[in-house]
Amino acid sequence: MDSEENNNNLYKITTTQRAISSCCGAIVTSVLVTPLDVVKIRLQAQSNSFANGKSFVYSNGLMDHVYVYEEGNSKAWYKKPGHFRGMLDAFVKIIKIEGIKSLWSGLPPTLIMAVPSTVIYFTSYDQLSEVLISKLGKDSDHIPVLAGSISRLGSLTVVSPLELIRTKMQSRQLSYKQLRVCINNTMAKDGWRSLWRGWGPTALRDVPFSAMYWYHYEHIKKRLCKTFDAHEPTFMISFTSGAAAGSIAATVTLPFDVVKTHKQTEIWDYETLNCIVPRLIKVAPACAIMISTYEYGKSFFRKLNKQKIYKAINSHSS
């Protein structure tokens, strides 16, 4: 076991390699998960038209983003006409009538925040875990909880002002000059803390979710590796662990998600409170895809580093 740990330290991946792995995971997750939320929003718009000025939550699998319904913008992707009988029917008709690109409507502007946030989050988690292992020992149950909570708080704090700016631009169609004036006026009136408005409800949901997610992920991953006698997690072990951990965390933190949704969109009804199944359908695959892609990327770079060291040794010996 000690020799295996020494090998992992010898072929240790760099921060840049971690960032590349998390970036790839973020893009893959968004591409695969976004169509589910686009179809969900189109079905909601069909059955219950959004009121002008009200907000709805759009998820690209990595982050939730607030979109403000615009009455005058008839070309907005969420206002395209359609008569759908269900999710599968919506998928088929959207692809057939509007083209397959429509399944990723609204994705590009959200990636500007989601990708950096995910890179900061996952890279910070790994680095914090290494520091905590050196202090607390590798078997401490507190490590994934502490590392997950702190890394989530950090990424959330960095991205919150950018998301606020994006929402203001989208809701009022402001130019960059008007946006700067608007932000300056808000800061003059309410102080610099106004840039983090909405941070509280988001942290209330995301930090407990992150703590529970990483705690269960690390435990399930260890058990599966032990069961299958794997020295490091395979793609399927990571995928299964991520899906299970995401489902547990999503179920436990559902009340916090309801509070966050209410704060963002002023929606508070039976449908919102009874949303555990839609939340699991979205969260479980997103967590599974993201963590398995990230772990696969790290494994790839670890093998690459190993090959480089062997080549260097062989070149010196020859």
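Are Lys221 and Glu218 buried or exposed? Both Lys221 and Glu218 are buried, where buried stands for a relative accessible area under 20%, exposed for over 50% and partly exposed for the range in between (1.4 Å probe, protein chains only). This is a predicted model, in which local features need pLDDT of at least 70 and side-chain atom pairs count only at pLDDT 80 or more, whereas totals for chains, interfaces and linings use all residues. Residues are numbered from 1 along each chain as its sequence is written, and side-chain values use heavy atoms, with hydrogens and water left out.

**Salt bridges overall**
- Counting a side-chain nitrogen of Lys or Arg within 4 Å of a carboxyl oxygen of Asp or Glu as a salt bridge, the model contains 17 salt bridges.
- Through shared partners, salt bridges join Lys12, Arg18, Asp126, Glu130, Glu218, Lys221, Glu295 and Lys298 into one network.

**Pairs within a helix** (helices are DSSP runs of H or I with at least four residues, numbered from the N terminus)
- Lys221 and Glu218 form a salt bridge with their closest N and O atoms 3.2 Å apart, and because they lie three residues apart in helix H7 (residues 199–227), about one helical turn separates them.
- Lys40 pairs with Asp37 in a salt bridge at 3.1 Å, N to O, and these two residues are likewise three apart in a helix, here H2 (residues 15–47), or about one helical turn.
- Lys40 is partly exposed at 27% relative accessibility, whereas Asp37 is buried at 4%.

**A pair between distant parts of the chain**
- Arg302 and Glu232 meet through their side chains in a salt bridge of 3.4 Å, N to O.
- This pair links Arg302 in helix H11 (residues 276–317) with Glu232 in the loop between H7 and helix H8 (235–252), 70 residues apart.
- Glu232 is partly exposed, at 30% relative accessibility.
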